[in-house]
Amino acid sequence: MIITRLRTPTLLASLCLAGAALAQTALPTAEGEVRRVDTRAKTVTLKHGDIQNLDMPPMTMVFQVSDPALLGQVKPGDKVRFTADKLGGNYTVLSLEPVNAPSR
């Protein structure tokens, strides 16, 4: 009985992570330009095109990031490809990568 109790939370956590990863890969990508990176606030300001899954037109706005490590991959002025979704009421970038970035 104890073994079952320990496995259930682990199994549920694994399923949640797998579901989140699947949802992330199913999201359409958007393109934009980094305007500001704020590592303290864990946010990135993007001037972006349409974000289809959010029914959002082009604009410049601040996004939370799901993983602060994403912020280390970009700097203001970088052209980027990203996925975003609304999580917990906040618009959140889930993946972020420079497009045609020169070697650093």
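Colleague: Which residues have the most contacts inside the largest nonpolar core?
Modeller: Val 44, Leu 46, Phe 63, Phe 82 and Val 93. The core has 18 residues. A nonpolar core here is a set of buried Ala, Val, Leu, Ile, Met, Phe, Trp, Tyr and Cys residues joined through side-chain atoms within 4.5 Å. Buried means under 20% relative accessible area, exposed over 50%, and partly exposed in between (1.4 Å probe, protein chains only).

Colleague: Which elements give two or more residues to this core?
Modeller: β1, β2 (43–48), β3 (59–65), β4 and β5 (90–98). Strands are DSSP runs of E, at least two residues, numbered from the N terminus.

Colleague: What should I know about the model and the numbering?
Modeller: This is a predicted model: local features need pLDDT of at least 70, side-chain atom pairs count only at pLDDT 80 or more, and totals for chains, interfaces and linings use all residues. Residues are numbered from 1 along each chain as its sequence is written, and side-chain values use heavy atoms, with hydrogens and water left out.

Colleague: Back to Val 44. What does Val 44 touch?
Modeller: Among others, Val 34, Met 61, Phe 63, Leu 71 and Val 93. That leaves out residues up to four places away in sequence. Contact means heavy atoms within 4.5 Å.

Colleague: In what order do the strands of the barrel run?
Modeller: The order is β1-β2-β3-β5-β4, a closed barrel of five strands with mixed pairing. The twist averages 55 degrees from one strand to the next. Axes are lines fitted to C-alpha atoms, and angles run from 0 to 180 degrees between N-to-C directions.

Colleague: Do β1 and β4 pair in the parallel or antiparallel sense?
Modeller: Antiparallel, over four bridges. β1 covers residues 30–38 and β4 covers 79–87. Two strands pair if DSSP finds at least two bridges between them. Glu 31 has Arg 81 in β4 as its bridge partner.

Colleague: Switching to Asp 38. Buried or exposed?
Modeller: Asp 38 is buried, at 19% relative accessible area. Asp 38 lies in strand β1. A polar atom of its side chain lies 3.0 Å from the backbone nitrogen of Ala 41.

Colleague: Which side chain meets Asp 38 in a salt bridge?
Modeller: Arg 36, at 3.7 Å, N to O. A salt bridge is a side-chain nitrogen of Lys or Arg within 4 Å of a carboxyl oxygen of Asp or Glu.

Colleague: How many salt bridges by this rule?
Modeller: Six. One of them joins Asp 78 and Lys 75, with the closest N and O atoms 2.9 Å apart. Asp 78 is buried at 9%, whereas Lys 75 is partly exposed at 41%.

Terms used
Polar contact = N/O pair within 3.5 Å; in protein donor to acceptor, adjacent residues only side chain to side chain.
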